[in-house]
Amino acid sequence: MKLRLHRYDDDIIKDLGLAFAFTNSERNALGCPKKWHFIYREELSSKRTSGAFAWGIAWHMLMEDLFNYWKEYDKVIYYNDPFFDSCFEKIEQYLEEEEIDPEEVLPDMRIALEGYLHRFGDIFSQFKVLEVEVPLRYPISDFKGRPFKTHLYLDEYEDRLEIAQTLSDNMIDVTMPFWVVGRADAIVQSRVTKEIFVFDHKTTGSINRFLSTCEVDPQLNSYACMLEWEKKHGSLQQYKHNKIGGIIYGMTSSGSTSLPKKLKNGTFSKAKSNKTPSWLYKKTVGDDESYSEHIMNLYDKVDMLWHCREWYPVDINSIKRWKMESYGIARRLGDMYRILALFKNSDTWVTPRVPICKTTGYCQFKQICISDNELMRSYFKKEKRIYWSK
Ligand code: SF4
């Protein structure tokens, strides 16, 4: 029997077999039980991809190609290299499929790529790319370090097993181990210390806002634990002698950049309020020395609003806490999936929470959360999250 997990079509995940696996996304969705219910119990997802989400996916596609290039050739590449033509074609096709006008995305993305390579294209001074798009696993264990297993009710069909939605004749009771799984955008190695790092691409509307919240991001410790496990027991044993340094977040703003303003006297504005990044400013003014100091200022103070790289070291105490929390999350998920199969009327799970919800504006389920009716539900599709088959 193979584990079939949404977005994880990797052999090492499928080969977990009759096991339950959850991701950081499922863990985060538990912050609102109603949202978790919509995604993981009812298996709903929005039919329309938001512009910000599509930008993030497109940027990941571009970075995947770029990091694969670095992995293979380990040399500098410029933003206007023909190598990127096929990447942008793939992105254009993806955006068209999502019914998003490529012209609203691609020009900004080309400028973002130029800035990214301007700031971080010098890979030789820092790290070497070892792996790209790597699935990672970690088996949940209890307080005594014993593998955690619990039972779930599954519906048995001819060709597959699914989480039971309600009491039925084909329901079976199966005890299974629990795993956390994730995907590292890349694994990179410091050229100086030889330590290895998980590299994660992030896109955000505001890098400053992202930086103020990511220290508590459970992804930091989950990546470290999963990488450690893969190194010792799993698919990355070729790196077993390399110490894990931590996580690197490569953050990119999805915002639009503006060119420097031309003043009436023919010069370009040096106003601080104008957030033109240095590479665009330089491109506009050319080699005119009178702007050199201003360009250096922009490099120091403005460029990081568009591209920023943060290194987070691994902290042993946080990792221990994450392991215990994950054990708690696994137990809670087991209980929830079981109770919901026995609980005839799951409406209680979807009673309005909006009065206490602080994130309504950002939640993709806000329409059906506020007014749950057929019309609102027509904006969502069903997407199988987890099942088991041959
Ligand atoms: S709108 Fe708020 S209460 Fe409703 S599902 Fe989303 S996060 Fe939960």
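Trainee: How far apart do the C-alpha centres of domain 1 and domain 2 lie?
Mentor: They lie 38 Å apart. Keep in mind that this is a predicted model.

Trainee: Which residues belong to which domain?
Mentor: The domain assignment gives domain 1 as 2-253 + 309-389. Domain 2 is 258-305.

Trainee: How many residues does each domain put into the contact?
Mentor: Domain 1 gives seven residues, and domain 2 gives six.

Trainee: Which helix gives the most on the domain 1 side?
Mentor: Helix H6, residues 106-120. Five residues on that side come from H6.

Trainee: And how do the residues on that side divide into nonpolar, polar and charged?
Mentor: On the side of domain 1 that touches domain 2, two are nonpolar, three are polar and two are charged.

Trainee: New topic. How many helices and strands does the protein chain have?
Mentor: The chain has 13 helices and twelve strands.

Trainee: What does the C-alpha trace span?
Mentor: About 80 × 55 × 40 Å along the principal axes.

Trainee: How does the radius of gyration sit with a compact globule?
Mentor: A compact globule of 390 residues would have a value near 21 Å. The chain has 24 Å, which agrees.

Trainee: What share of the residues count as buried?
Mentor: Of the 390 residues, 30% do.

Trainee: What about contacts between residues at least 6 apart in sequence: what share join residues at least 24 apart?
Mentor: That share is 73%.

Trainee: Now the strands. Which strands does S7 pair with?
Mentor: Take them one by one. S7 covers residues 171-190. Strand S2, residues 20-22, runs parallel to S7, with three bridges. Phe22 stands opposite Val180 there.

Trainee: How many bridges join S4 to S7?
Mentor: Eleven, and the two run antiparallel. S4 is residues 127-139. Look at Pro139: the bridge partner in S7 is Trp179.

Trainee: And S5 with S7, parallel or antiparallel?
Mentor: Antiparallel, over seven bridges. Lys149 stands opposite Pro177 in that pair.

Trainee: What about S8?
Mentor: S8, residues 196-204, is joined to S7 by four bridges and runs antiparallel to S7. Ile187 has Val198 in S8 as bridge partner.

Trainee: What does Lys194 do in the hairpin of S7 and S8?
Mentor: Lys194 takes a positive phi near 70 degrees. That hairpin has five residues between the strands.

Trainee: Back to S5. What joins S5 to S6?
Mentor: A hairpin, through three residues. S5 is residues 149-156 and S6 is residues 160-163. They pair in the antiparallel sense over three bridges. Glu156 has Leu161 in S6 as bridge partner.

Trainee: How many bridges join S6 to S12?
Mentor: Three, and the strands run antiparallel. S12 is residues 386-389. Arg160 is partnered by Ser389 in S12.

Trainee: Let's go inside. How many residues are in the largest nonpolar core?
Mentor: It has 71 residues. Those with the most contacts inside the core are Ala21, Ala58, Trp179, Tyr223 and Ile247. Helix H4, residues 51-73, supplies the largest share of the core, nine residues.

Notes:
Residues are numbered from 1 along each chain as its sequence is written. This is a predicted model: local features need pLDDT of at least 70, side-chain atom pairs count only at pLDDT 80 or more; totals for chains, interfaces and linings use all residues. A nonpolar core is a set of buried Ala, Val, Leu, Ile, Met, Phe, Trp, Tyr and Cys residues joined through C-beta atoms within 7 Å. A residue is buried if 20 or more other C-beta atoms lie within 10 Å of its own, exposed if 12 or fewer, and partly exposed in between; C-beta atoms are placed from the backbone. Two strands pair if DSSP finds at least two bridges between them. Domain bounds come from an automatic or database domain assignment. Two residues are in contact if their C-beta atoms, placed from the backbone, lie within 7 Å. Ala, Val, Leu, Ile, Met, Phe, Trp, Tyr, Cys and Pro count as nonpolar, Asp, Glu, Lys and Arg as charged, and the others, Gly among them, as polar. The radius of gyration is taken over C-alpha atoms; the globule rule is 2.2 Å times the number of residues to the power 0.38.
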